[in-house]
Amino acid sequence: MRREPVRGPMARWQPWRWVLADVQVLAAPPGLATTAWPAPATEAGPVPLEPVAGTSAPEGSQHWGFGGLPVTLHPEDAEGYLLNVTAPAPCFWVLWREPEADDGLPQPLIVTLSYHDAGRWLDAQERVDQVPAPPDVVAWLADYARRHHRPEPKRRARPASFQPLTDRFGQPARISTGAMRRGGPA
């Protein structure tokens with residue numbers, strides 16, 4: 001996470017803002033690249049970090065890392081992973097909360113690679129940001145998704161009983177089982 005100063009007229013109301021800067025892979029299956037971490041990978045507390053060289057972080061930014069957030073894959077969510085890897089920009093999604101106090105730290109809670117999870121969180125009005133996933137993670141996820149994806153069986157289309165009846169000209173049709181109307185025989 002990166003805390004960066006807000007520039008311009010908006011700085012009157014909010015001098016700082018938090019943004020998701022990156023997701024680093026700390027522990028992974030064989031074949032995936034990992035990042036060295038200044039604390040044990042299972043430690044969930046915040047760790048102050050130095051900015052990565054070559055990034056476009058604004059002057060005066062502070063970087064904080066949060067380890068210990070696992071990405072758990074579930075075979076029944078293979079469709080959500082497949083949607084991610086077939087998107088133009090496959091990514092990690094992070095659900096996180098703003099700090100309670102002005103000088104507090106944000107709380108990243110969950111990291112996922114599933115479109116379905118991210119969609120549910122967004123529907124629940126949670127704060128969800130995304131960052132691009134590395135190519136080796138995307139290739140590994142694509143293999144996992146293809147091995148576990150089971151398309152849903154086709155279902156019979158039910159008749160549209162809720163739609164109003166119309167005659168051949170598109171006018172509302174009236175069906176009556178009662179007495180005839182407008183002076184017809186009774």
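A residue is called buried when its relative accessible area is under 20%. In this predicted model, helix α1, which spans residues 78–85, is mostly covered, and six of its eight residues are buried. These buried residues are A78, G80, Y81, L82, N84 and V85. They pack against three elements, namely β5 (91–97), α2 (115–123) and α3 (135–148).

Strand β5, one of the elements against which the buried residues of α1 pack, is itself mostly covered, with six of its seven residues buried. How is β5 joined to β7 and to β6? Five bridges link β5 to strand β7 (residues 128–132), and the two run antiparallel. Within this pairing, F92 has V131 of β7 as its bridge partner. Five bridges also link β5 to β6, and these two strands again run antiparallel. In this second pairing, L95 stands opposite I110 of β6. In a regular strand the side chains alternate between the two faces of the sheet.

Strand β6 comprises residues 107–112 and includes T112. Is T112 buried or exposed? With a relative accessible area of 3%, T112 falls under the 20% limit and is therefore buried. Two polar partners can be identified for the side chain of T112. A polar atom of this side chain lies 3.1 Å from the backbone nitrogen of S114. The side chain of T112 also makes a polar contact, at 3.0 Å, with the side chain of D117. When neighbours within four places in sequence are left aside, T112 is in contact with C91, F92, W93, D117, A118 and W121. Among these contacts is F92, the residue whose bridge partner in β7 is V131.

Which residues line the second largest pocket? Its lining consists of R3, Q14, P15, W16, R17, W18, E98, P99, A101 and D102. Strand β2 (residues 16–19) gives the most to this lining, contributing three residues. By class, the lining of the second largest pocket holds five nonpolar residues, one polar residue and four charged residues.

Note on methods
Residues numbered from 1 in each chain as written. Predicted model: local features only at pLDDT ≥ 70, side-chain atom pairs only at ≥ 80, totals over all residues. Heavy atoms only, no water. 1 Å grid on protein atoms, 1.4 Å probe; cavity = no way out; pocket = protein on both sides within 12 Å on 5 of 7 lines; lining within 4 Å. Helix = DSSP H or I, 4+ residues; strand = E, 2+ residues; numbered from the N terminus. Nonpolar A, V, L, I, M, F, W, Y, C, P; charged D, E, K, R; others polar. Buried < 20%, exposed > 50% of the residue type's maximum accessible area, 1.4 Å probe, protein only. Polar contact = N/O pair within 3.5 Å; in protein donor to acceptor, adjacent residues only side chain to side chain. Contact = heavy atoms within 4.5 Å. Pairing = 2+ DSSP bridges.
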